[in-house]
Amino acid sequence: MTVFAGFGLGLRRPHYDEFLAGRVAVDFVEVISENFMVDGGRPRRILRDIRALYPVALHGVSMSIGSADGIDGFYLARLRSLVDAIDPLFVSDHLSWTRIEGFSSHDLLPLPYTEEALAIVCANIDRAQDALGRAMLIENPSTYIDFAPADMTECEFLTQVCARTGCGLLLDVNNVFVSASNHGFDPVAYLDALPHDRVRQIHLAGHSQGTDLLIDTHDRPVPQSVWDLYAHVLPRLGAVATMIERDDDIPPLADLLTELDGARRIAGRTLRETA
Amino acid sequence: MSLLAFQRDMRAWLIRADEDAAQRIGRDAVPGLAVYQNNYRAQLVACLDDAFENVRDWIGGEAFHAGVVTHIDRVPSSSWTLDAYPRDFPATLAMLYPDDAEVAELAWIEMALGEAFVASDAVALRADDLADVDWDRATFRITPTLDIGCLTTNATAIWSALSAGEVPPAAETLAEPGAILVWRDGETARFRAIDRVEQQALIAIRSGQTFSALCAGMVDAHGEQAGIACAGRMLGQWLGDGLIVGVD
């Protein structure tokens, strides 16, 4: 599994030209895999040009590793083709499901953390990693339904998934905060219980208050609560790639780079304290 | 409950707000289920909003939204990619507007332009590339980005006016039904209205008919001089449009 330390941003359309000019101070960019799993045209050309300038991480939202009826083979073939074309730093997707029996929700739906679900998720990840010819990173989700009491906690589930499949983790710190708030668990205890040696990438993002629940909206700056959790977990991890994930109400690139500097400062402080 | 049973219940909840399914998932899950259902529908609404701007401008925001709601209820999403969801919307609009054919035709143009934008790459030939062609045997490969739709109205004129921010013409039925070509030239998706003669010729060439056979058919239909001239004109137009990507 690739080990890479650095700071990056999600590549979003309003910033294409600035990234393509090649002078953006990031160590990598992350793209949504599905946006580029097309036959041709401008999206593929832009991704080729971006890849010539920056390391690229592929982040998927539709693999559906939690589907009880398995992963779509056509999807895997398409993703493999993209992987071969751009040689990404990481290939990641979520601990969730999006499709079942020909229906696609286009949303990251939650899984009950049962032994049955664990077996299905591991079988699906095994199949995906075989098809892609590389280890994947699996991201902890934001969830809005609590299946407790289940057979295990999300952390225990993720630990088992890593142990059984050899995959790594993409730790979304905002998702930990959102799910902890929605389901009443301690986010610090969650972060402490993760298999730290499996974490290769970190997402930082913002959220919104819904009617009853916190919603993972990615439409505002990273809040202090999430920065605090990042500062807590970072000293426990090895080399990781940290990035700001912004998907809505996208600000000027300069604002995101300033926000990314916040992650750099925390990482610098961590390095000094552990030196 | 098995994972499969749970996922079927979630599907039933997302597609048709099945209360029995929601109860089986759990009483405490109601607020979360509302979030997921909103996410599902909001994604599809945004997808159709983005894909059919000119249709929305033509029929008005309220009518468009009603059409979107009908479509989401009628056609659950089935593909892993949202890019595929616009494909069936023209059919829903044809059902909702049976007496206004331009609505579905406008939608088809927008859908096909979106598909052409990300279709397979192919480099177009130019006239100079045909210098050494054996015209008795030549067959032409047509760009993989090409799609051909039916045209019974002035939807292309309406689409162009709406895109330019101009006042669109009133809808009219064509004297003779024709067709619309949609393809990508370089990185630009384009369209052009054509008549039935060109439609049939292009379909024949795309299916592997030799250019000499096309010429022979045109001569039979229109006489020697006019037939050859017509076939030549069409080939010149196709080359200029960037539709020809290979010759065998």
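## Contacts of B:Val182

Leaving out residues up to four places away in sequence, B:Val182 touches B:Ile109, B:Ala112, B:Leu113, B:Ala116, B:Asp147, B:Ala189 and B:Phe191. Contact means C-beta atoms, placed from the backbone, within 7 Å.

This is a predicted model: local features need pLDDT of at least 70, side-chain atom pairs count only at pLDDT 80 or more, and totals for chains, interfaces and linings use all residues. Residues are numbered from 1 along each chain as its sequence is written, with chains lettered from A and ligands numbered from 1 in written order.

## The largest nonpolar core

The largest nonpolar core has 151 residues; A:Val173, B:Ala107, B:Ile109 and B:Val182 touch the most other members. Such a core is a set of buried Ala, Val, Leu, Ile, Met, Phe, Trp, Tyr and Cys residues joined through C-beta atoms within 7 Å. Buried means 20 or more other C-beta atoms within 10 Å of the residue's own; exposed means 12 or fewer.

Helix H7 (residues 101-117) of chain B gives the most to this core, 11 residues. Helices are DSSP runs (H or I, at least four residues) and strands are E runs of at least two, numbered from the N terminus. Domain 1 (1-51) and domain 2 (52-247) of chain B both contribute, so the core lies between them. The domain bounds come from an automatic or database assignment.

## Helix H11 of chain B

The buried residues of H11(B) are B:Cys230, B:Ala231, B:Met234, B:Leu235 and B:Trp238. They sit on the same side of H11(B), because their arc around the axis is only 130 degrees, taken from the directions from axis to C-beta atoms. Their cover includes helix H9 (196-206), helix H10 (211-222) and strand E5 (244-247) of chain B.

The face turned away from the buried side of H11(B) carries exposed B:Gln225, B:Ala226, B:Arg233 and B:Gly236. B:Gly242 follows H11(B), with a positive phi near 85 degrees.

Methods. Two residues are in contact if their C-beta atoms, placed from the backbone, lie within 7 Å.
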